[in-house]
Amino acid sequence: MTKQITRIVVTGGPCAGKSTLMSRAVEIFSERGYRVLIIHETATELITGGITPLPDNIGMYGFQKYVNKMMIEKEEIYNRAAEELKDENILILLDRALLDNKGYVSEKEWEEITSGMGLNDEEIVRRYDMVLHLVTAANGAEEAYTLQNNAARYETVDDAIRVDNMIQKSWSIHPNRVIIGNETDFEEKVRRAVQAIFSFLGKEKPVEKFKKYLVEVNPEVIGKLEQIGAQKDRIFQHFLKSTPGWERRIRTREKDGSVVCYYSEAYMVTPFTRVKRDRIISNGEYIDMTREIDTTLHPIDKTRYSFPYNDEYFKLDVFSFDQTQGLLSVQMTDENMEVDVPEFFTVIKEVSDILNYKNYHLAKSQKF
């Protein structure tokens with residue numbers, strides 16, 4: 001099979017949901033056999049590192065020269081690494097890319113910056129396969145607009161809308177651009193963005209409906225999963241102290257020696273429905289957050305096996321507290337579909353809508 005490397009720019013105005021989308025995408029597509037690489041936002045790296053566009057620092061023109069140079073260098077590193085990786089399907093997600101910067105300088109300055117790199121706008125567009133633009137919450141979801149989740153963010157609502165419009169204009173020449181607005185709530189917005197990626201990749205779109213089963217686990221089952229090439233991840237999760245109605249957690253996900261850290265927070269609308277925001281965090285942020293661990297709850301330590309079966313994608317979670325049983329789940333592509341559980345599993349019972357089999361309750365009981 002020929003190696004397939006797909007480069008998708010995730011962009012949009014401030015507070016648009018990019019961090020949550022990229023966090024979800026890493027998990028969703030990793031479990032479907034993709035090696036997912038993330039190129040983090042360059043402007044934020046420079047600002048938090050002390051290089052800013054302020055007049056008493058290096059100014060906007062000088063700042064944009066450094067941003068674009070650093071972007072190019074990072075992209076080249078990731079492109080070379082992607083070519084060297086053994087994986088057949090590689091997804092590179094870029095948190096903003098070169099044309100995001102165009103509107104911050106004059107046309108003349110932009111031409112000077114890009115020509116200095118040996119590029120023009122048309123050549124820049126060809127560097128990326130798809131552009132996914134998430135519209136800022138300031139335009140259509142004003143109540144959700146916040147400056148709190150990015151230390152480098154300073155824009156007012158009007159500023160955010162102006163920046164969003166500017167970015168849309170800059171990327172308007174890309175032939176594969178999808179704009180995700182705020183016509184729905186945040187969870188549905190993220191789902192639509194994920195589905196747009198599925199569509200671009202030519203894959204079946206999942207629906208937000210899961211079936212979950214308690215199944216028997218033994219060496220024969222694990223051997224079969226290894227035989228069919230199931231993806232194997234180690235997930236370690238702590239719940240953090242939170243106010244009633246909220247659920248906060250940090251977790252690490254380890255695969256092939258690579259560790260990714262996540263922070264998630266969710267507001268429980270009903271016992272089975274929640275509004276969730278999550279993002280990838282640094283190892284330092286993870287360590288800082290361990291001070292907030294809720295010590296009344298046990299950590300969740302589990303091994304996850306992800307694998308396709310009859311065109312559906314299954315996940316088996318085997319927990320450290322009981323390795324004779326596990327939770328098998330499938331995300332459905334049709335709400336009315338009949339689930340064909342792989343024949344090498346023995347189903348004890350379906351637990352799709354039983355609260356005791358959710359992670360929070362397992363952290364309390366440490367038993368099925």
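Does Asp 100 count as buried or exposed, and at what relative accessibility?

A: Asp 100 counts as buried, because its relative accessibility is 3%. Buried means under 20% relative accessible area, exposed means over 50%, and partly exposed lies in between (1.4 Å probe, protein chains only). The model is predicted, so local features need pLDDT of at least 70 and side-chain atom pairs count only at pLDDT 80 or more, while totals for chains, interfaces and linings use all residues. Residues are numbered from 1 along each chain as its sequence is written, and side-chain values use heavy atoms, with hydrogens and water left out.

Asp 100 has a charged partner. Its side chain meets that of Arg 96 in a salt bridge, 3.0 Å from N to O. A salt bridge here is a side-chain nitrogen of Lys or Arg within 4 Å of a carboxyl oxygen of Asp or Glu. Arg 96 is buried at a relative accessible area of 14%.

By this rule the count comes to 24 salt bridges. One of them joins Lys 315 to Glu 31, with the closest N and O atoms 3.5 Å apart. This pair links distant parts of the chain: Lys 315 is in strand 12 (residues 312-319), Glu 31 is in the loop between helix 1 and strand 2, and 284 residues separate them. Helices (H or I, at least four residues) and strands (E, at least two) are DSSP runs numbered from the N terminus. Both Lys 315 and Glu 31 are buried. They also belong to a network of salt bridges, whose members include Glu 27, Asp 233 and Arg 251.

Another salt bridge pairs Glu 45 with Lys 74, at 2.6 Å between the closest N and O atoms. Glu 45 sits in helix 2 (residues 42-48) and Lys 74 in helix 3, 29 residues apart. Glu 45 counts as partly exposed at 34% relative accessibility. Lys 74 counts as buried at 14%.

Angles run from 0 to 180 degrees between N-to-C directions, and axes are lines fitted to C-alpha atoms, for helices over the stretch in contact; contact means heavy atoms within 4.5 Å.

The open sheet has five strands in the order 2-3-1-4-5, with parallel pairing. Strand 2 (35-39) and strand 5 (177-180) each have a single partner strand, so one side of each is left without a neighbour in the sheet. From one strand to the next, the twist averages 20°. Two strands pair if DSSP finds at least two bridges between them. Strand 2 and strand 3 (residues 89-95) run parallel and are joined by five bridges. Arg 35 has Ile 90 of strand 3 as its bridge partner.

Aromatic rings come next. Rings of Phe, Tyr and Trp (its six-membered ring) pair if their centres lie within 6.5 Å; planes under 30 degrees apart are stacked, over 60 edge-to-face, and the rest tilted. That rule gives 13 aromatic pairs. Phe 29 and Phe 198 have ring centres 4.7 Å apart and planes at 35°, so this pair is tilted. Phe 29 lies in helix 1 (residues 18-30) and Phe 198 in helix 7 (residues 186-201), 169 residues apart. Phe 29 is buried at 0% relative accessibility, and Phe 198 is buried at 3%.
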